[in-house]
Amino acid sequence: MNVVTTTADVALPADWRDLLALTKPRVMSLVVFTGLCGLLAAPEMPPFVLGFTAILCIALGAGACGALNQWYEVDIDAKMRRTANRPLPAGRIDRQSALHFGVGLAFFSVLLMGLATNWLAAIMLAVSILFYVLVYTVWLKPRTAQNIVIGGAAGAFPPLIGWVAATGHVSALPLLLFAIIFLWTPPHFWALSLFVRSDYAAAGIPMLPVVAGFENTRRQIFLYGLPMAAAAIAPWPLGLTGTVYGVSAAVLSFVFVVLAARVLGNRATEPRYMEAEKHLFAYSVFYLFALFAVLVADRWLVS
Amino acid sequence: MKLEDEVVRRQRERARILAWLLGAFVVLLFFITIAKTGINW
């Protein structure tokens, strides 16, 4: 049972809303969306209930990652304004309950994925959860400025898992979808970390702006934007998607690179002067949603 | 609201949600079984 000790020394069960908050629902929405798009872009469709279960498992796996991430980072979250009010640092849930909740969700999601779809998808889901928790959260994040570069692989798994859940095998398009998210993650998070740099510095997280400075981070954002754009457009010339996707990806990626160039040209060190960074961060979320939506539209409406 | 009342309220709320989730899981398992065995209705 989830309990926190109150001042009156009475055991208070955790509110279900706090358990839900542990799963980071906003992050989960992007994960679910890309996983769903991976599944819908596949050449063969599983029965509805199996497709639904696959997406449910991806969502639960993402929830497990969120819970275990917050369980491990409770001390760090307590030091950052952005995260100080999360259920664990605010004392609304105890750590052990969060750990049990996260591990339980992880096992349940992998098992259900294996039973409902196939075990390759289940193994991939397990690897993505372990990668996010052990490689990114525990190992890389507190140690290196490259945390988000390598750790981004965990967030890149969902479309691949969605595809494999539908087809049972891996092919070129889902690998490209993996590459797009993998290359999108660093500029997305570095744009954010530029205007919340003081939070990361206070918490001792070696994000790139903290370790390498503003100018270097802005250069890296722009440099990562170029191969990301190339990976986003690549399915079209390779004949894996139609013209609708190709043209849309080119336009969306062009805007991304232009916004990254604006960030590159910005010299501000105060968050209130970082409009370019905030625009890029907001656009990067829209970019990924739009790119994957167009991919599905191209597959279902055009091709 | 007294703390004891809040404890009971939360326990009831969670028990109700858990019951719904378990029920939904049973229904989901039923349909998964149908889909996996390839029975056409």
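This is a predicted model: local features need pLDDT of at least 70, side-chain atom pairs count only at pLDDT 80 or more; totals for chains, interfaces and linings use all residues.
Residues are numbered from 1 along each chain as its sequence is written, with chains lettered from A in the order in which they are written.

Chain B has 1 helix and 0 strands, helices being DSSP runs of H or I with at least four residues and strands runs of E with at least two, numbered from the N terminus. The C-alpha trace of chain B spans about 55 × 15 × 5 Å along its principal axes. Chain A, for its part, spans about 65 × 55 × 25 Å and holds 13 helices and 2 strands. Its radius of gyration is 20 Å, close to the 19 Å that the globule rule gives for 303 residues, so chain A is as compact as a globular protein of that length; the radius is taken over C-alpha atoms, and the rule is 2.2 Å times the number of residues to the power 0.38. In chain A, 50% of the 303 residues count as buried. Of the chain A contacts with a separation of 6 or more, 72% link residues 24 or more positions apart, a contact being two C-beta atoms, placed from the backbone, within 7 Å.

Where the chains meet, chain A and chain B put in 12 residues each. On the chain A side, β2 (11-13) and α3 (48-72) are the elements that give two or more residues, and α3(A) gives the most, with 3 residues. That side has 9 nonpolar, 2 polar and 1 charged residues; Ala, Val, Leu, Ile, Met, Phe, Trp, Tyr, Cys and Pro count as nonpolar, Asp, Glu, Lys and Arg as charged, and the others, Gly among them, as polar.

Chain A itself is divided into domain 1 (15-168) and domain 2 (171-303), with bounds from an automatic or database domain assignment. Their C-alpha centres lie 21 Å apart, and the contact takes 26 residues from each domain. On the domain 1 side, α2 (25-40), α4 (74-79) and α7 (147-167) give two or more residues. The top contributor there is α7(A), with 9 residues. This side of domain 1 divides into 16 nonpolar, 5 polar and 5 charged residues.

M113(A) touches A54(A), C57(A), A121(A), A122(A) and L125(A), leaving aside residues up to four places away in sequence.

Helix α12 (residues 243-265) of chain A has 23 residues and reaches 33 Å from first C-alpha to last, close to the 33 Å expected at 1.5 Å a residue (1.5 Å times one less than the number of residues). Its buried residues include Y245(A), F256(A), L259(A) and V263(A), and what covers the buried residues of α12(A) includes α8, α11 (214-233) and α13 (275-302) of chain A.

Methods. A residue is buried if 20 or more other C-beta atoms lie within 10 Å of its own, exposed if 12 or fewer, and partly exposed in between; C-beta atoms are placed from the backbone.
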